[in-house]
Amino acid sequence: MAGKAFTVAESRKYTVSLLRMVGFDVFVQKVPRTFIYYFCYWVNTSYHIFCLYTFIKHRRDIMIVLQCLSVWGAAGQCSVKTILALIYRKTMRQAFTFLAEKQEKSEEDPEIHAGYLKWSRRLNMIQKTIFYVLNNNIVLLSLYVLLSIVFFGDRKHLLICNIPGLPFDTHAPFPSYEIHIFYQFIALCAGVYELIVLDGLFAFFVCNGAAVAETLLVMTKRMSAEIDQNKLTDDATTERIKYLVFLHREYMDYVSRLDVMYSSMLLIQFGSFALSGSVALYVGGSSDWFAIYGVVLTSFTQLFFYNLLGTILQTKNQQIRQTIFETSWLKMCEKNKRYILLMLQRSQTMKTITVGHLAPLNLETGMSIYKALYSYFLLLKDVFK
């Protein structure tokens, strides 16, 4: 995708191909659910059941409970994302169709299309970063098991998840340990690739939303320049402003739609991050399970990535307000000035993506979550000292 043939359409197709990889293309297209979709759903459900069983069976061994919880928190946000995406699949399809239409229409204007292409390239970079960072969990956890066997002659579990009916002892007779490792690897891969897909889809919506905002910015600046050059009559200016009002409303409706789809999802995401991240930090420092730091790295990266994308839309909102204010409205007739005033009033209350409608999704909110995680980590150290 990064070669000379890179196009906006290919970026969109790549996102769909990511979704299809785990059967989640049903979220953006009206297609039948495949075997892989139901398989991933079964793996997720069974993993949560087995983790609950592990808590009950090993409740007296606090380290096993914490090790299980450190990954279970991350798996929980994956399942919640999947369920909410299924609930809001019609809204997602509407948003995806809206963006596809905007991308295709942008080809009529080279300057606007260049903006879509720029954000498609950035999206490509973000999706690749997500892919490599999340796959790091598979690599680290697998290396932990292999290195333990090769260098220390000691068998370890990939994840702390006890399958009911099978002994959890790593030295149990064949095939108990082998079944555990096989299932844990399948559950790990399914969870990682579901997160890659769902996080990549969120990046697609936000990056292309920023491109929609840039369309409004370009059209506003273009109109203002033509007014300065006395190229527009009052009637022609009125038509331009009406079109800008329409674009502005479309963009605001789109951001509101994103907030509806992702607000609850982000609340669960950040809650699980604070829980599993703090527990994983404690477990990593209190045991030889070094691979858990891969989960910590993933949690930190995911949080930064989500808040960065939220900040992008927040910044675009500020740029829209500033650009509307800087239009050559002093040269307009009274009717057109009122239209500009209306746009300015609306731009003062533009929505952005929120975390459970409690706080805006931005880097400042992200720092608050980082502080909460560190506080929980210190609390765990004091409790289990």
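**A chat about the model**

Mentor: Happy to. Helices here are DSSP runs of H or I with at least four residues, strands are runs of E with at least two, and both are numbered from the N terminus.

Trainee: What do the side chains of Glu334 and Lys337 do?

Mentor: The two meet in a salt bridge, 3.8 Å from N to O. The term stands for a side-chain nitrogen of Lys or Arg within 4 Å of a carboxyl oxygen of Asp or Glu. In general, side chains of opposite charge can pair when their charged atoms come close.

Trainee: Is Glu334 buried or exposed?

Mentor: Glu334 counts as exposed because its relative accessibility is 52%. Lys337 has 24%, so that residue is partly exposed. The cut-offs are under 20% relative accessible area for buried, over 50% for exposed, and partly exposed in between, with a 1.4 Å probe and protein chains only.

Trainee: Before we go on, how should I read the numbers?

Mentor: This is a predicted model, so local features need pLDDT of at least 70 and side-chain atom pairs count only at pLDDT 80 or more, while totals for chains, interfaces and linings use all residues. Residues are numbered from 1 along each chain as its sequence is written, and side-chain values use heavy atoms, with hydrogens and water left out.

Trainee: Good. How many salt bridges does the structure hold?

Mentor: There are 15. One of them joins Lys81 to Asp199, with the closest N and O atoms 2.7 Å apart. That pair links distant parts of the chain, since Lys81 is in helix 3 (residues 62-87) and Asp199 in helix 6, 118 residues apart. Both Lys81 and Asp199 are buried.

Trainee: And which residue does Lys316 pair with?

Mentor: Glu214, where the closest N and O atoms are 2.8 Å apart. Here too distant parts of the chain are linked: Lys316 lies in helix 8 and Glu214 in helix 6, 102 residues apart. Lys316 and Glu214 are both buried.

Trainee: Let's zoom out. What's the overall make-up, in helices and strands?

Mentor: The protein has 10 helices and 2 strands. Along the sequence the order is α-α-α-α-α-α-α-α-α-β-β-α. The C-alpha trace spans about 85 × 45 × 35 Å along its principal axes, and 55% of the 385 residues are buried.

Trainee: Now the rings. How many aromatic pairs turn up?

Mentor: Searching the whole structure gives 23. Phe131 and Tyr132 make an edge-to-face pair, 5.5 Å centre to centre with 80° between the planes. Rings of Phe, Tyr and Trp (its six-membered ring) pair if their centres lie within 6.5 Å; planes under 30 degrees apart are stacked, over 60 edge-to-face, and the rest tilted. Phe273 and Phe300 are also edge-to-face, at 5.6 Å and 80°.

Trainee: Where do Phe273 and Phe300 sit?

Mentor: Phe273 is in helix 7 (residues 234-286) and Phe300 in helix 8 (residues 292-325), so the pair links parts of the chain 27 residues apart. Phe273 is buried because its relative accessibility is 4%, whereas Phe300 is partly exposed at 31%.

Trainee: Which residues form the aromatic cluster?

Mentor: Phe96, Phe202, Phe204, Phe205, Tyr262, Phe305 and Tyr306.

Trainee: One more: where is Ser106, and what does it touch?

Mentor: Ser106 is in helix 4 (residues 89-106). With neighbours within four places in sequence set aside, Ser106 is in contact with Ile112, His113 and Tyr116. Its relative accessible area is 3%, so Ser106 is buried.

Note on methods. Contact = heavy atoms within 4.5 Å.
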